[in-house]
Amino acid sequence: IKKIYRIYKGKLEQIRQLNPRCKLLVCPVLPTTDPTINKKILIFNNFLYNDLQRSSLRINIVWGFAAFVGHNGLLKSSLHGEHWEGDPLHINLEGTRLLVRLIKQNIFSLRRPKGTSSNVDGRTYQAVLQGPPPNRGAGGQAGRRVNRMQAPSSAWGHS
C-alpha cells in the first residue's frame, strides 16, 4: 500500500510542478463490501489524511465520505451496485449521485480569488448542482461542448 501511495503522491507532485497555481482535489478511496479490501483502503486513506494533506503540495481533500460507510464499517448496502453480484467495489446510481454531490460541494467550497465570479458556464452554484445546462442547440455554447467524463443525466440533481 505504501508503494502505491508513493506513486500516487509522485503523480500529484508532477501535477503541482507543471501547474503550481492549480487547485488539487483528492478523493479518499470509497469503502467496499469486502472487509479485507477495506483494511487496505483505510491504510491508503490514512496516508492521504496524515501525509498528503500536511505536505507542501497544497492538496484539498474531498470530505464527506463517511456518508458511504454503514454501521458495520462497510459500504452501505443502499449504495452498493446491486447489478454486479459478487462485486464488492462498484456503487449504484444512488451512490454515484452522492459522490457527484460531494465532489461538486467541495469544488465550489474552495475560496475564489477576489473579483472572480461564482458562476460556472454562466450559471450559479445552485443551478450547477441541479444538473447540466439545457441543450441550446447547435448554435449555443452547450450544443458544441462535449464532456467525455459527464455523468449520465439521471445521476444529476439531488437524491
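Reader: How many helices and strands does the secondary structure of the protein chain come to?

Author: Helices (H or I, at least four residues) and strands (E, at least two) are DSSP runs, numbered from the N terminus, and in this protein chain they come to five helices and two strands. Along the sequence, the chain follows the pattern α-β-α-β-α-α-α. This is a predicted model, in which local features need pLDDT of at least 70 and side-chain atom pairs count only at pLDDT 80 or more, while totals for chains, interfaces and linings use all residues. Residues are numbered from 1 along each chain as its sequence is written, and side-chain values use heavy atoms, with hydrogens and water left out.

Reader: What percentage of the residues of the protein chain count as buried?

Author: Buried means under 20% relative accessible area, with a 1.4 Å probe and protein chains only; of the 159 residues in the protein chain, 33% count as buried.

Reader: What share of the contacts with a separation of 6 or more is between residues 24 or more positions apart?

Author: A contact means heavy atoms within 4.5 Å, and residues 24 or more positions apart account for 59% of the contacts in the protein chain with a separation of 6 or more.

Reader: Which residue has a positive phi although it is not a glycine, and where is the place of Arg-58?

Author: The residue is Arg-58, with a phi of about 55 degrees, and Arg-58 belongs to the loop between helix 2 (35-52) and strand 2 (59-61).

Conventions:
Buried < 20%, exposed > 50% of the residue type's maximum accessible area, 1.4 Å probe, protein only.
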